[in-house]
Amino acid sequence: MEGSDEVYDRLMRLLRERVPELATQLSEEIAAGRSVDGERLSEPERMTRDGQMREARVGRLQRGDVAVVPYTADERLMFLCQALLRMAETLQGSLQAVSVMAENHRITTTVIEFAEPDGTSSVTLDFSDLIELTARTVDATRRLIVPAEQAMGVQL
């Protein structure tokens, strides 16, 4: 898909600004590439790989060997989008679990306080509005990603 690199770069810039730890982790995972059964390499990938193997003075890829190949621009974008979707789904599920747990224990407050054990700092969170917000976010993200996946023909 034309423009995948630009969209990926823009999303990663936003992540680096807002959630640098996540951006670093995703960058490392994407940079590591994907494992492919040697028999399933495309002809250009196989030729490149064979050349690298010759330079390293090791044998050619054999049946059952696995090669690591870089993600294409479309695959990088889909990897990133799917990771963001999974993160939103996990957040939604976690908030729902906390809500159910609170209901089961007859806890009426929707405010949770996360505090350091030594009491030096704490953060409070009212999760009542977040459950609906995360559900809408997951739905909106899914509506954006699924057509993009189909348009690019990329399945990770």
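Good morning. By class, the lining of the largest pocket in this predicted model consists of 21 nonpolar residues, three polar residues and no charged residues. In this classification Ala, Val, Leu, Ile, Met, Phe, Trp, Tyr, Cys and Pro are nonpolar, Asp, Glu, Lys and Arg are charged, and the others, Gly among them, are polar.

Before continuing, I shall state the conventions. Because this is a predicted model, local features need pLDDT of at least 70 and side-chain atom pairs count only at pLDDT 80 or more, while totals for chains, interfaces and linings use all residues. Residues are numbered from 1 along each chain as its sequence is written, and side-chain values use heavy atoms, with hydrogens and water left out.

The space in the largest pocket comes to about 580 Å³. Leu84, Leu85, Ala88, Thr137 and Thr141 are the closest to its centre among the 24 residues that line this pocket. H1, H4 and H5 are the elements that give two or more residues to the lining. H5 contributes the most, with 10 residues. A pocket here is an open set of points on a 1 Å grid over the protein atoms alone, where a 1.4 Å probe fits, with protein on both sides within 12 Å along at least five of seven lines; lining residues have an atom within 4 Å of a point. Grid points are joined across faces, edges and corners, and the volume is the space filled by probe spheres set on the points.

Let us turn to H5 itself. Helix H5 covers residues 128-152, which is 25 residues, and reaches 37 Å from its first C-alpha to its last, close to the 36 Å expected at 1.5 Å a residue. The expected span is 1.5 Å times one less than the number of residues. Helices are DSSP runs of H or I with at least four residues, strands are runs of E with at least two, and both are numbered from the N terminus.

Which residues of H5 are buried? They are Ile131, Thr134, Ala135, Val138, Thr141, Ile145, Glu149 and Met152. Buried means under 20% relative accessible area, exposed means over 50%, and partly exposed lies in between, with a 1.4 Å probe and protein chains only. Helix H1 (4-18) and helix H4 (73-104) are included in what covers these buried residues. Just after H5, Gly153 takes a positive phi of about 65°.

H4 can be described in a similar manner. Its 32 residues should span 46 Å at 1.5 Å a residue, and its end C-alpha atoms are 47 Å apart, which agrees. Just after H4, Arg106 has a positive phi of about 55°, in a residue other than glycine. Arg106 lies in the loop between H4 and strand S3 (111-115) and, at 73% relative accessibility, is exposed.

I now come to the charged side chains. Side chains of opposite charge can pair when their charged atoms come close. How many salt bridges does a search of the whole structure find? The search finds six, a salt bridge being a side-chain nitrogen of Lys or Arg within 4 Å of a carboxyl oxygen of Asp or Glu.

Within helix H4, Arg86 and Glu89 are three residues apart, about one turn of the helix, and their side chains form a salt bridge at 3.2 Å, N to O. Arg86 is partly exposed at 45% relative accessibility, and Glu89 is partly exposed at 25%.

Arg142 and Asp139 are three residues apart in helix H5, so about one helical turn separates them. Arg142 is partly exposed at 32%, as is Asp139 at 39%. A network of salt bridges links Arg86, Glu89, Asp139 and Arg142.

Arg136 and Glu132 also form a salt bridge, with the closest N and O atoms 3.7 Å apart. Both lie in helix H5, four residues apart, about one turn of the helix. Arg136 is partly exposed at 47%, and Glu132 is partly exposed at 46%.

Finally, a residue from strand S1 (residues 34-37), namely Ser35. Ser35 is exposed, with a relative accessible area of 59%. Leaving aside neighbours within four places in sequence, Ser35 is in contact (heavy atoms within 4.5 Å) with Val66, Ala67 and Val68. From Ser35 to Leu85 there are 50 residues in sequence and 22 Å in space, C-alpha to C-alpha. Thank you.
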